[in-house]
Amino acid sequence: MTLPTPLSDEIASWIKAQTVPAERPLVLMVSGAQGIGKTTALQAIAAADPKTIVLGLDDFYLTKRDRIRLSQEVHPLFNMRGPPGTHDLPLLNSTLDRLMRAWGDEVIPIPVFSKKLDDRLPEDKWRIWKGRPRAILVEGWMIGATPDDDAASEPPLNSVEAEDRDGVWRGFQETYLRSAYSRLWDRADAFFHIRAPSFETVLGWRVQQEAGNIGVCLSELPIDRIRWVEGFIQYYERITRRMINGQHRPGRVIDVDEMRHLRA
């Protein structure tokens with residue numbers, strides 16, 4: 001069982017303060033950079049309340065086949081999961097619709113994405129939710145992110161963006177943020193943003209997370225895996241910095257320090 005943390009207590013208090021719609025479940029969206037502790041906090045909340053379900057944006061990535069097609073049709077960088085445009089938003093919206101309409105003991109399958117396989121698991125391995133939830137928590141690193149019309153024409157931030165010489169990859173992301181993602185954000189009753197102190201801190205957290213993912217202590221993490229993380233997180237850098245700077249939908253914002261402790 002996932003134990004409550006100061007962050008989960010803070011989010012739980014925020015949830016209780018929301019006005020619950022009489023006709024449907026409450027839809028709340030929570031953002032936080034990779035490794036910040038949002039998933040652990042929300043799992044503790046869901047474990048304490050059987051009427052609360054957590055949907056992770058990471059479980060709604062496009063399948064590997066669809067990302068390959070996107071990389072061929074738009075830009076090769078879309079072969080990597082993560083940025084706007086690599087999520088199956090129709091699937092996420094249809095899952096939200098089913099949860100919001102659910103009655104009795106209706107069974108609703110919840111997608112599961114395997115980061116180890118870098119692909120969505122077959123439906124017979126998805127999670128199962130029964131009945132009507134009281135609250136639906138949608139969490140992810142870029143929840144509530146707003147578009148930046150200048151992103152495609154700005155100088156590259158890193159070596160990954162340097163591969164996007166004409167700005168097609170960045171421009172496609174901004175188009176999706178203005179359209180499909182914006183419509184998803186419109187479904188939220190409220191937003192909760194957990195803000196990291198810096199992008200450099202997020203990189204350190206992601207390295208720690210990788211050690212946990214493969215089951216070794218941080219000092220034993222192979223150098224090639226550290227280098228992979230350093231490259232992987234560059235796909236997220238521009239929008240992660242944007243989120244830290246407050247370029248997101250309005251909502252409750254709480255800051256954490258480098259040790260993930262809540263700041264006053």
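**Exercise 1. Find how many cavities of 30 Å³ or more there are, and say what lines the largest cavity.**

Step 1. Start with the idea: rolling a probe the size of a water molecule over the atoms shows where empty space is left. Here a cavity is a set of points, on a 1 Å grid over the protein atoms alone, where a 1.4 Å probe fits but cannot get out. Grid points are joined across faces, edges and corners, and a volume is the space filled by probe spheres set on the points.

Step 2. Count: two cavities of 30 Å³ or more turn up. The largest cavity holds about 100 Å³ of space.

Step 3. Among the residues lining the largest cavity are Ser31, Trp141, His193, Thr240 and His248. Strand 1 (26-32), strand 8 (190-195) and helix 10 (237-244) each give this lining at least two residues. Helices (H or I, at least four residues) and strands (E, at least two) are DSSP runs, numbered from the N terminus.

A note before you go on: this is a predicted model, where local features need pLDDT of at least 70 and side-chain atom pairs count only at pLDDT 80 or more, while totals for chains, interfaces and linings use all residues. Residues are numbered from 1 along each chain as its sequence is written, and side-chain values use heavy atoms, with hydrogens and water left out.

**Exercise 2. Work out which residues of helix 9 are buried and where they lie around the axis.**

Step 1. Buried means under 20% relative accessible area, exposed over 50%, and partly exposed in between (1.4 Å probe, protein chains only). In helix 9 (residues 223-232), Ile226, Val229 and Phe232 are buried.

Step 2. These residues cover an arc of only 125° around the axis, so they sit on the same side of helix 9. The arc is that of the directions from the helix axis to the C-beta atoms.

**Exercise 3. Classify the aromatic pair of tyrosine 61 and phenylalanine 113.**

Step 1. Rings of Phe, Tyr and Trp (its six-membered ring) pair if their centres lie within 6.5 Å; planes under 30 degrees apart are stacked, over 60 edge-to-face and the rest tilted. The whole structure has eleven aromatic pairs.

Step 2. For tyrosine 61 and phenylalanine 113, the centres are 5.2 Å apart with 70° between the planes, making the pair edge-to-face.

Step 3. Tyrosine 61 is in the loop between strand 2 (52-56) and helix 3 (64-73), and phenylalanine 113 is in strand 4 (residues 113-114), 52 residues apart.

Step 4. Tyrosine 61 counts as buried because its relative accessibility is 1%; phenylalanine 113, at 7%, is buried too.

Methods:
On a 1 Å grid over the protein atoms alone, a cavity is a set of points where a 1.4 Å probe fits but cannot get out, and a pocket is an open set with protein on both sides within 12 Å along at least five of seven lines; lining residues have an atom within 4 Å of a point.
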